[in-house]
Amino acid sequence: MAGRFVPEPTRTTTRGGHVPVPVTEDAPLDLGLTLGPLRRGPADPTFRVTPDGSVWRASRTPDGPGTLRVAVRDGQVAAEAWGAGATWLRENLPALLGAEDDPTAFVPRHKLVLATHRRRPGLRLTRTGLVLESLIPTVLEQKVTTTEAYGAWRLLVRKFGEPAPGPAPEGMYVMPDARTWTQIPSWEWHRANVDGKRSAAIVRAARVAARLEEAVHMDPPAARVRLELIPGIGPWTSAETIQRSNGAPDEVTTGDLHLPGIVGWALAGDRTTDDEAMLDLLAPYAGQRHRAARLILLSGRVPPRRAPRMTPGNITAL
């Protein structure tokens with residue numbers, strides 16, 4: 001498949017070229033499944049899905065802020081980009097849509113995984129090529145509820161970012177640049193319900209953003225080592241980041257509160273599975289363990305809840 005763009009470039013809008021990501025009956029592309037991991041909650045100011053099925057993303061690229069709109073129409077990818085980062089977004093669109101992913105390398109080893117794999121043929125692993133964009137919201141999600149993390153991301157991006165360029169849907173913003181993240185006052189982190197440990201980790205990362213962005217050109221294990229040199233960034237955070245920035249099919253998340261139990265319940269009927277046992281269960285998928293975990297999560301088979309949900313914290317009341 002080749003995606004087609006209307007060849008009418010302007011100073012702020014980039015259109016034209018082809019997107020070599022096959023969208024056929026044998027190799028479909030599900031935009032929701034592929035780009036869904038980049039969305040941080042239903043009100044993420046950097047991500048929007050419009051009623052016509054288009055996906056909008058506002059990103060801070062190496063060339064500057066940009067807005068991307070992408071949709072699949074009749075087996076073709078239609079896309080437009082605006083802003084200083086428009087050319088970069090267009091050039092990296094194939095990787096974003098999974099062109100560098102190889103779904104054929106995955107071989108289901110369990111009935112549940114096989115069934116989900118057949119039901120979700122359009123799943124591809126995205127590769128954004130942007131580290132800080134995935135790292136910062138992942139740090140915000142450390143050891144808190146998703147409600148807290150999504151709220152903090154939304155507030156900080158809207159307050160310190162900038163409106164998305166082009167005709168983006170109302171309320172879309174580009175996240176702050178690295179320098180701005182380092183200059184956010186302590187009381188603003190507090191108002192965003194972010195504790196000192198997480199805000200300090202983000203500031204440390206932003207101060208060496210250029211070095212961290214180099215990780216997109218590394219093998220995933222080496223990229224994770226680079227990220228984990230920053231105090232406050234551990235295996236859970238590095239895996240969640242590199243899965244998105246590098247499109248890493250084998251980087252499975254460890255240290256997660258729920259994932260081991262879900263994998264254990266789905267594959268072995270054991271909700272008490274820990275990280276070590278989870279990795280043993282995923283061993284048959286070596287090279288594709290992240291994809292296997294995604295499919296297990298998409299299967300919807302989770303252990304019955306035994307305790308109430310975690311109560312969201314409220315640092316702003318302190």
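In the lining of the second largest cavity, β5 and α2 (86–91) each contribute at least two residues. The structure described here is a predicted model. Rolling a probe the size of a water molecule over the atoms shows where empty space is left. In this model, the count comes to 2 cavities of 30 Å³ or more.

The second largest cavity has a volume of about 60 Å³. Its lining is made up of R57, S59, L68, W88, L89, N92, L96, R127, T128, L130 and E133. When these residues of the second largest cavity are sorted by class, 5 are nonpolar, 3 are polar and 3 are charged.

The residues that line the largest cavity are L38, R40, D44, T46, F47, R57, A58, E133, S134, P137 and W153. Two or more of the residues in this lining come from each of β5 (55–61) and α5 (132–140). The greatest contribution to the lining of the largest cavity is made by α5, with 3 residues. By class, the lining of the largest cavity comprises 5 nonpolar, 2 polar and 4 charged residues. R57 and E133 are among the residues that line the largest cavity, and R57 and E133 are likewise found in the lining of the second largest cavity.

Aromatic rings were examined next. A pair of aromatic rings is described by the distance of the centres and the angle of the planes. The count for this model comes to 4 aromatic pairs. In one of them, W56 and W82 are stacked, with 5.5 Å from centre to centre and 10 degrees between the planes. This pair joins distant parts of the chain, since W56 belongs to strand β5 and W82 to strand β7, 26 residues apart. Both W56 and W82 are buried.

W153 and W181 form an aromatic pair that is stacked, with a centre-to-centre distance of 6.4 Å and an angle of 10 degrees between the planes. Distant parts of the chain are linked by this pair: W153 lies in helix α6 and W181 in helix α7 (residues 178–182), 28 residues apart. W153 counts as buried because its relative accessibility is 3%, and W181 is buried because its relative accessible area is 0%. Ring pairs join W153, W181 and W189 into a cluster.

Backbone geometry was considered at two loop positions. D74 is not a glycine, yet D74 has a positive phi of about 50 degrees. The loop that holds D74 runs between β6 (64–73) and β7 (76–82). With a relative accessibility of 81%, D74 is over the 50% cut-off and therefore counts as exposed. A positive phi is found as well at K143, a residue other than glycine, where the value is near 55 degrees. K143 is located in the loop between α5 and α6 (146–160). The relative accessible area of K143 is 78%, so K143 is exposed.

A buried position is provided by T116, which counts as buried because its relative accessibility is 0%. T116 is part of helix α4 (residues 111–119). When neighbours within four places in sequence are left aside, T116 is in contact with L295, L298 and S299.

Key
Residues are numbered from 1 along each chain as its sequence is written. This is a predicted model: local features need pLDDT of at least 70, side-chain atom pairs count only at pLDDT 80 or more; totals for chains, interfaces and linings use all residues. Side-chain values use heavy atoms; hydrogens and water are left out. Helices (H or I, at least four residues) and strands (E, at least two) are DSSP runs, numbered from the N terminus. Buried means under 20% relative accessible area, exposed over 50%, partly exposed in between (1.4 Å probe, protein chains only). Contact means heavy atoms within 4.5 Å. On a 1 Å grid over the protein atoms alone, a cavity is a set of points where a 1.4 Å probe fits but cannot get out, and a pocket is an open set with protein on both sides within 12 Å along at least five of seven lines; lining residues have an atom within 4 Å of a point. Grid points are joined across faces, edges and corners, and a volume is the space filled by probe spheres set on the points. Ala, Val, Leu, Ile, Met, Phe, Trp, Tyr, Cys and Pro count as nonpolar, Asp, Glu, Lys and Arg as charged, and the others, Gly among them, as polar. Rings of Phe, Tyr and Trp (its six-membered ring) pair if their centres lie within 6.5 Å; planes under 30 degrees apart count as stacked, over 60 as edge-to-face and the rest as tilted.
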